[in-house]
Structure formats: structure tokens, C-alpha cells
Amino acid sequence: MHDRTFSTPVALTVGAGYKRTIASFSEMHEFLTEFPPSRRRLSYGAAVKACEAARAGDISAEAACDALITFAVTAGILWPAAQPAVSVKPVARGLGGYAA
């Protein structure tokens with residue numbers, strides 16, 4: 001079994017806005033094993049099979065990474081690539097300090 005790393009780590013949303021980065025087969029396997037059974041879909045099984053095949057050297061690391069990304073997208077847990085911009089409005093004067 002090989003524990004290679006992905007060329008680009010995959011960032012996933014876990015919990016209430018926390019990010020977890022998956023960069024290797026062992027991290028992928030650990031994450032998939034811990035993923036709640038009630039939220040697993042068809043793409044989960046494909047990701048598990050891809051992880052096992054990549055660890056055995058049967059498929060490339062990128063193919064396993066792609067399977068993880070597909071699973072993350074369908075499960076709605078892929079961390080957004082761009083962070084949302086926070087905008088701040090100036091407070092209107094003469095309204096008690098609150099913006100209108």
C-alpha cells in the first residue's frame with residue numbers, strides 16, 4: 001500500500017464552518033470512514049473504491065482526488081474556492097448610530 005499525497009489538497013467543510021484539508025490517501029480514508037452513514041450517497045462508495053484502488057497502486061492519485069471532489073460536491077461539503085468578501089457600510093449620521 002502506498003500513501004502518496006495529492007498534487008493539490010482538497011478542502012472540505014466539516015462541522016459549523018470548519019475546514020479540513022485532505023492531502024493524502026490515509027487522510028482521505030480516515031475522512032471517508034468517519035463520514036456519517038446517514039449522509040452517504042452513491043458517490044461515497046465510488047470515493048471509497050477509488051481510495052482503496054489508489055492505495056493499492058491501481059489508479060492514479062489524481063483519479064482518487066477527483067473521486068473525492070465529486071463526492072464532496074454531491075454531499076455539499078466542498079470548501080468554497082473563493083472566500084466571501086465582507087463588506088462594511090458606513091454608519092449614517094443623525095440616526096442614532098444605526099444605518100438606515
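Which residues in H2 meet which residues in H3? In this predicted model, Ser43, Tyr44, Ala46, Ala47, Ala50 and Ala54 in H2 meet Ala64, Ala67, Thr70, Phe71 and Thr74 in H3. Helix H3, residues 61–75, also packs against helix H1, residues 25–34, with the two axes coming within 11 Å.

**Helices H2 and H3**

- Helix H2 comprises residues 42–55, and its axis comes within 8 Å of the axis of H3.
- The two axes cross at roughly 160°, which makes H2 roughly antiparallel to H3 because an angle over 145 degrees falls in that class.
- The crossing in which H2 passes H3 is left-handed.
- The residues of this contact comprise eight nonpolar, three polar and no charged.
- On the H3 side, Thr70 and Thr74 are among the residues that take part, together with Ala64, Ala67 and Phe71.

**Helices H1 and H3**

- The axes of H1 and H3 cross at roughly 30°; the helices are therefore roughly parallel to each other, since angles under 35 degrees count as such.
- This crossing, too, is left-handed.
- From H1, the contact draws on Phe25, Met28, Phe31 and Leu32, which meet Ala61, Ala64, Leu68 and Phe71 in H3.
- The contact of H1 with H3 has eight nonpolar residues, with no polar and no charged ones.
- Ala64 and Phe71 of H3 meet residues of H1 and also meet residues of H2.

**Gly45 in helix H2**

- Gly45 is part of helix H2.
- Its relative accessibility is 28%, so Gly45 counts as partly exposed, a class that lies between the 20% and 50% limits.

- A disulfide is a covalent bond between the sulfur atoms of two cysteines.
- Across the whole structure, the search finds zero disulfides.

Technical notes. Residues numbered from 1 in each chain as written. Predicted model: local features only at pLDDT ≥ 70, side-chain atom pairs only at ≥ 80, totals over all residues. Heavy atoms only, no water. Disulfide = S-S within 2.5 Å. Axes fitted to C-alpha atoms, helices over the stretch in contact; angles between N-to-C directions. Helix = DSSP H or I, 4+ residues; strand = E, 2+ residues; numbered from the N terminus. Parallel < 35°, antiparallel > 145°, perpendicular 65-115°, else oblique. Left-handed = near helix turned anticlockwise from the far one by under 90°. Contact = heavy atoms within 4.5 Å. Nonpolar A, V, L, I, M, F, W, Y, C, P; charged D, E, K, R; others polar. Buried < 20%, exposed > 50% of the residue type's maximum accessible area, 1.4 Å probe, protein only.
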